[in-house]
Amino acid sequence: MDSVFRRRATQVALGIGAIYIVAGIAWILLSDALVLQVSNDIDWLTFAQRYKGIATCS
């Protein structure tokens, strides 16, 4: 019984980790695309990318 519980807990943990990875990659790609849609000004892009990263880490 204990090994069944551990195996299920491991599967759940790996599933949550996989969802987190997919969501993170989607956030990076979609937010980068959104920033590029807003402006092509290099200074603004630098500003937006910097603060997008800071907001994500907060």
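In this predicted model, Asp2 is partly exposed, with a relative accessible area of 47%. Asp2 forms a salt bridge with Arg6, and the closest N and O atoms of the two are 3.5 Å apart. Side chains of opposite charge can pair when their charged atoms come close. Arg6 counts as exposed, at a relative accessible area of 56%. Both Asp2 and Arg6 belong to helix H1, where they are four residues apart, about one turn of the helix. A search of the whole structure finds one salt bridge.

**Overall form**

The chain holds two helices and zero strands. Its C-alpha atoms fill a box of roughly 60 × 20 × 10 Å along the principal axes. The radius of gyration is 18 Å, whereas a compact globule of 58 residues would have one near 10 Å. Of the 58 residues, 10% count as buried. The chain exposes about 5,100 Å², and carbon and sulfur atoms supply 71% of that area.

**The nonpolar patch**

On the surface, Leu34, Val38, Trp44, Phe47, Tyr51 and Ile54 form a nonpolar patch with about 610 Å² of accessible area together. Helix H1 (2-38) and helix H2 (42-57) are the elements that give two or more residues to the nonpolar patch. H2 supplies the largest share, four residues. One of the patch residues is Leu34, which has its place in helix H1. Leu34 is exposed because its relative accessible area, 57%, is over 50%.

Two other members of the patch, Phe47 and Tyr51, also interact as rings. The count of aromatic pairs comes to one. Phe47 and Tyr51 form this pair, which is tilted, with 4.7 Å centre to centre and 50 degrees between the planes. Phe47 and Tyr51 both lie in helix H2, four residues apart, about one turn of the helix. Phe47 is partly exposed, at a relative accessible area of 46%, and Tyr51 is partly exposed as well, at 42%.

Ser31 is found in helix H1. Ser31 is buried because its relative accessible area of 6% is under 20%. Leaving aside neighbours within four places in sequence, Ser31 is in contact with Ala26 and Lys52.

Asp32 also has its place in helix H1. Asp32 is partly exposed, with a relative accessible area of 23%. Not counting residues up to four places away in sequence, Asp32 touches Trp27, Gln49 and Lys52. Asp32 and Lys52 are 20 residues apart along the chain, and their C-alpha atoms are separated by 9.0 Å.

**Accessibility of the residues described**

The table gathers the relative accessible areas of the residues discussed above.

| Residue | Relative accessible area | Class |
|---|---|---|
| Asp2 | 47% | partly exposed |
| Arg6 | 56% | exposed |
| Ser31 | 6% | buried |
| Asp32 | 23% | partly exposed |
| Leu34 | 57% | exposed |
| Phe47 | 46% | partly exposed |
| Tyr51 | 42% | partly exposed |

Terms used: Residues numbered from 1 in each chain as written. Predicted model: local features only at pLDDT ≥ 70, side-chain atom pairs only at ≥ 80, totals over all residues. Heavy atoms only, no water. Patch = residues over 30% accessible without salt bridge, like charges linked within 9 Å, V, L, I, M, F, W, Y side chains within 5 Å. Areas by Shrake-Rupley, 256 points an atom, 1.4 Å probe, with all protein chains shown as cover. Salt bridge = Lys/Arg side-chain N within 4 Å of Asp/Glu carboxyl O. Buried < 20%, exposed > 50% of the residue type's maximum accessible area, 1.4 Å probe, protein only. Contact = heavy atoms within 4.5 Å. Phe/Tyr/Trp six-rings, centres within 6.5 Å; stacked < 30°, edge-to-face > 60°. Rg over C-alpha atoms; globule rule 2.2 N^0.38 Å.
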